[in-house]
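Hi,

Here is the structure I promised to pass on to you. Have a look at it first, and then read my notes below.

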Amino acid sequence: MTENQVLRLLQKIVAEKIYMKSILEEMEELKTMAEPKTADPSKDHVSGGETEDLSKIIAQVEKKKSRLMKKCMIQIEIILSNETYAIDLIDLIESKETRSILIDRYFRGKSWNDIAAAHFSSRSNIFRARKAGIMEIAQKSEKTYPKNGET
């Protein structure tokens, strides 16, 4: 595995979690949209238009909710699969601090500033540790997971 492939895998975890958050936000919006609302008697009555059949609206909401739940379950499977593979690779790193930096960033979604503060280090030292960890994974994964069945 190359350094670029390792980094792309770690970044993919972040992207998948951001997508999951978007799905959850969409579900929350659907929930608030479907909540009953009261009319404001102080405002003018609006005439015209037709009243929609409530059961039709409920059916549409339930259909969308079901679709979002399926998306959510698929995302959970993708995230867990990627994280399981990535944590096996991160475990190849000898330095616990470097492992912690990568986990904080790519699994927990912490900012680089928060990671630097937690490790009592500068951002530049954190980035050096990150780069060294990715290099170590790339080197060791070639030995641990050889290509095309080589030994």
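At the start of helix α3, a side-chain oxygen of Ser 95 comes to within 3.3 Å of the backbone nitrogen of Glu 97. Please keep in mind that this is a predicted model. Helix α3 covers residues 96–106, and its buried residues are Thr 98, Arg 99, Ile 101, Leu 102, Asp 104 and Tyr 106.

Another serine, Ser 141, sits in helix α5 (residues 123–144). A polar atom of the Ser 141 side chain is 3.2 Å from the backbone oxygen of Ala 138. Ser 141 has a relative accessible area of 1%, so it counts as buried.

Now to the charged residues. Side chains of opposite charge can pair when their charged atoms come close. How many salt bridges does the structure hold? There are five.

One of them joins Glu 83 and Lys 17, at 2.6 Å from N to O. This pair links distant parts of the chain, with Glu 83 in helix α2 (residues 54–90) and Lys 17 in helix α1 (residues 3–34), 66 residues apart. Glu 83 is buried at 15% relative accessible area, whereas Lys 17 is partly exposed at 28%.

Glu 94, Glu 136 and Lys 140 form a network of salt bridges. Between Glu 94 and Lys 140, the closest N and O atoms are 3.3 Å apart. Glu 94 belongs to the loop between α2 and α3, and Lys 140 to helix α5. The bridge between Glu 136 and Lys 140 spans 2.7 Å, N to O. Glu 136 and Lys 140 are four residues apart in helix α5, so about one helical turn separates them.

Enjoy exploring!

Technical notes. Residues are numbered from 1 along each chain as its sequence is written. This is a predicted model: local features need pLDDT of at least 70, side-chain atom pairs count only at pLDDT 80 or more; totals for chains, interfaces and linings use all residues. Side-chain values use heavy atoms; hydrogens and water are left out. Buried means under 20% relative accessible area, exposed over 50%, partly exposed in between (1.4 Å probe, protein chains only). Helices (H or I, at least four residues) and strands (E, at least two) are DSSP runs, numbered from the N terminus. A polar contact is a pair of N or O atoms within 3.5 Å; within protein, one must be able to donate a hydrogen and the other to accept it, and residues adjacent in sequence count only if both atoms are side-chain atoms. A salt bridge is a side-chain nitrogen of Lys or Arg within 4 Å of a carboxyl oxygen of Asp or Glu.
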